Amino acid sequence: MNKKIILFLIYCLSFISIYSQEKFTISGNLKDKADGEDLIGAAIYVTEIKGGTVANVYGFYSITLPKGTYTVTISYVGYSPVTQRINLNKDLKLNLELETTSQALEEFSVTAKKEEKNVTETSMSTNNLQMETIKKIPALFGEVDLLKTIQLLPGVQSGGEGTTGFFVRGGGSDQNLILLDEATVYSPSHLFGFFSVFNQDAIKDLDLYKGGIPARYGGRLASLLDIHMKEGNTKRFSTSGGIGLISSRLTVEGPIKKDKSSFIVSARRTYADLFLKLSSDTNINNNQLYFYDLNTKVNYQINENNRLFLSGYFGRDVFNFGSLFGMNWGNATGTLRWNHLFTNKLFSNFTYVYSNFDYNLGMNEGVAAFDWNSKIVDQNLKADFTYYLNPKNTVRFGLGTIYHTFKPGSFVSTNGIFNDFILPNKYAYEHSAYLSNQQELTSRISVHYGLRASLFQNVGTDTSYVFDTSNPEQYSVNDTITQSGGIHNSYFNLEPRLNIRYLINEHSSIKATYNRMTQYLQKADNTIASSPLSIWFPSSANVKPQLVDQVALGYFRNLKNNTYETSVELYYKKMQNTIDFRDHAELLLNRYLEGELRTGSAYSYGAEFLLKKDKGKFTGWIGYTYSQTKRTIPEINNGKSYFAPYDRTHDISVVGSYDISKKFNLSANWVFNTGQAITVPTGRYEYYGKIIPVYSDRNSERMPAFHRFDLSLTLYTKKWNEKPPRTDGKERNKFESNWNFSIYNVYMRKNASSIRFAANEDDPTKTEAKMIYFFSIIPSFSYNFKF
């Protein structure tokens with residue numbers, strides 16, 4: 001027989017032998033031993049195969065191996081690793097609870113195998129932040145704010161002084177998908193953008209995706225901010241909270257049935273209006289000025305294969321000036337989830353999500369009394385599956401449908417002096433399906449590839465308009481089309497996703513990503529400042545969905561036994577059907593809003609540098625971003641390219657935290673970025689007695705550069721581990737408290753929030769620029785406790 005044929009047969013028999021080996025599955029849930037919280041992303045490492053898997057967002061993991069004996073290590077940053085020797089001759093359920101490490105053991109715990117995960121994992125352009133890190137960063141008015149924290153990351157720009165608005169890699173604020181327990185949060189800020197709606201005591205952690213977004217997510221172009229609420233302590237009852245300069249918080253959590261079911265209720269409220277009551281002036285003490293948040297969640301472990309979660313968020317801002325005028329706005333979300341384990345390799349999650357954002361303003365008295373309302377409501381049904389095929393392949397697939405209801409505005413005159421003005425409601429379906437696989441091709445090459453299909457349908461009764469676009473300054477209506485129901489417009493898009501990692505060695509790797517994203521909803525807003533009066537509107541026959549193609553390349557390296565993480569990422573984004581508004585556009589209560597839009601293309605490119613330290617007494621990071629974002633819209637700026645209003649050429653963040661002792665922590669951050677791109681008057685002329693300004697090209701000038709230094713000191717007055725265990729074996733009462741003192745804008749930099757141009761008082765023929773700024777130096781304090 002031919003020698004080559006014999007070798008071929010031997011190879012085939014070897015292949016069959018390998019894959020016909022009897023295989024078994026190790027699966028289970030990983031939790032915190034102290035409170036029963038799921039350990040998201042905990043690492044499972046099998047020494048014999050030099051690989052493993054990670055726990056999902058519910059702490060579940062699964063890995064299938066040939067029959068044999070294995071050394072399995074479970075690890076999570078800040079926790080003591082657990083190593084077990086396992087004789088695998090049948091399917092094994094391995095549920096484990098990990099203990100947090102003391103400061104003395106910390107150096108040991110962080111040497112676990114997955115400490116290099118920023119190097120070894122396939123994903124890039126992703127940041128995970130724990131609340132313990134966020135709480136150490138100096139905060140405006142002492143209010144810990146996760147949205148202001150992510151503004152300190154490379155590739156993320158701030159919306160302005162003290163605001164929570166953020167812009168990612170050249171995308172607009174409405175191009176960020178913000179999820180709270182899978183529910184969309186349409187307005188993530190309080191008090192016109194100065195505070196976020198996320199209460200620090202209710203949040204477990206967050207993941208920010210700037211690129212390489214998994215196929216299971218879609219609907220926005222720029223980023224995904226995935227925020228997870230705490231599940232509630234399944235071990236014992238616990239209370240935490242804080243008293244600050246402008247607000248107070250209180251959280252209660254505990255078991256409904258120990259180790260089976262738990263709850264958490266967390267509330268926050270500002271109390272500036274309570275001090276107004278102390279005034280003897282009725283014009284002052286009748287006013288209301290506050291916001292509040294309420295987070296609730298319960299979960300129930302039915303059995304090993306079934307678990308239910310029900311969570312909700314309710315928040316609102318209220319401004320009432322006596323009985324004369326008032327306005328309020330807020331979000332309400334609800335999420336019902338059912339985790340079901342079909343087999344020890346097939347995990348599923350079925351979800352119903354409700355999301356609502358609305359605002360109301362009005363005058364209650366006088367002949368000009370009115371009531372103005374607007375709302376957007378989503379109802380979302382989806383099913384997600386994860387199939388742990390083998391240690392080298394994890395397959396995810398699923399589908400979902402969102403039903404959007406848009407109520408753009410109704411203006412009702414309560415005394416009849418004005419005509420009522422009600423914009424018609426709009427309705428749409430957004431369907432999606434996806435399939436992806438995370439695969440280890442070799443010991444050095446790993447890929448994560450997938451495809452998402454999305455279908456958007458305008459449905460129901462509707463009124464649309466055909467515009468005459470011959471005059472780019474002002475479109476006129478040529479025709480009106482009335483839809484009586486059914487599906488009257490559709491868009492279908494395929495969105496491929498690809499991540500590749502090449503492992504140079506155990507401490508360094510090169511990664512590349514490509515993703516296409518589609519956005520079917522957009523926000524009518526002509527300022528980068530946060531406004532509760534912004535209107536969301538859908539794609540339609542006149543408004544094509546926005547598209548983006550993004551490619552990124554990165555180098556990742558860990559130094560000094562993983563003490564330091566470093567990365568450099570380069571990205572390029574090409575955007576289609578980019579939306580902007582014509583000069584002097586009318587956005588509120590405009591039934592012809594689509595005629596105010598102008599569309600074109602845009603691009604963004606940049607380089608992001610990060611040096612991060614997570615170990616030892618001193619932790620923090622230094623981030624630098626160089627970027628440029630430009631739009632080209634034929635009917636704006638005479639067809640010439642112009643900077644996006646949130647373009648920042650240079651952006652630097654320095655964040656540091658130092659544990660001086662067990663009692664004291666000192667934290668600081670310094671930020672610098674290029675000034676905002678603006679349009680300014682460059683001249684003026686008189687026309688029939690009126691002064692008419694002449695403006696520069698759109699966004700061709702810059703505001704002054706922005707920079708600020710913040711400082712905070714935390715004094716830990718009591719800690720849980722200060723006293724030794726009781727000799728009678730009973731658990732001591734645990735109490736923890738701290739005082740936080742912070743200074744915002746230490747060197748009193750007056751950063752411009754806007755620039756106003758007005759005639760000089762002494763010489764009206766001259767125009768002068770006047771800078772408007774919000775804050776100088778702001779000291780604050782807060783007292784926090786937990787027991």
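**Notes on the predicted model**

1. Four strands make up an open sheet, lined up in the order 3-2-5-6 with antiparallel pairing. At its edges are strand 3 (51-54) and strand 6 (82-88), each pairing on one side only. On average, neighbouring strands in this sheet are turned by 25° against each other, direction ignored. Keep in mind as you look around that this is a predicted model.

2. Now zoom in on one pairing. Strand 2 (residues 43-46) and strand 5 (residues 68-75) run antiparallel to each other and pair over 4 bridges. Which residue of strand 5 stands opposite Tyr45? That's Thr73. As background, strands of a sheet pair through backbone hydrogen bonds, either parallel or antiparallel.

3. Next, the aromatic rings. The count comes to 40 aromatic pairs. One cluster to look up is linked by ring pairs and holds Phe141, Phe194, Phe195, Phe291, Tyr744, Phe774 and Phe775.

4. Arg337 places its charged end over the ring of Phe309, 5.3 Å from the ring's centre. Arg702 lies over the face of Phe643, and here the distance to the ring centre is 4.8 Å.

5. How far can you trust the picture? The average pLDDT of the protein is 89, and 93% of the residues score at least 70. Over residues 103-113, though, the pLDDT is below 50, and this stretch has 18 contacts in the model beyond near neighbours in sequence. Residues 722-726 also stay under 50, with 7 contacts beyond four places in sequence. Where pLDDT is low, the predicted coordinates should not be read in detail.

Notes:
Residues are numbered from 1 along each chain as its sequence is written. This is a predicted model: local features need pLDDT of at least 70, side-chain atom pairs count only at pLDDT 80 or more; totals for chains, interfaces and linings use all residues. Side-chain values use heavy atoms; hydrogens and water are left out. Two strands pair if DSSP finds at least two bridges between them. Helices (H or I, at least four residues) and strands (E, at least two) are DSSP runs, numbered from the N terminus. Axes are lines fitted to C-alpha atoms, for helices over the stretch in contact, and angles run from 0 to 180 degrees between N-to-C directions. Rings of Phe, Tyr and Trp (its six-membered ring) pair if their centres lie within 6.5 Å; planes under 30 degrees apart count as stacked, over 60 as edge-to-face and the rest as tilted. A charge sits over a ring if NZ of Lys or CZ of Arg is within 6 Å of the ring centre and within 35 degrees of the ring normal. pLDDT is the predictor's confidence in each residue, from 0 to 100. Contact means heavy atoms within 4.5 Å.
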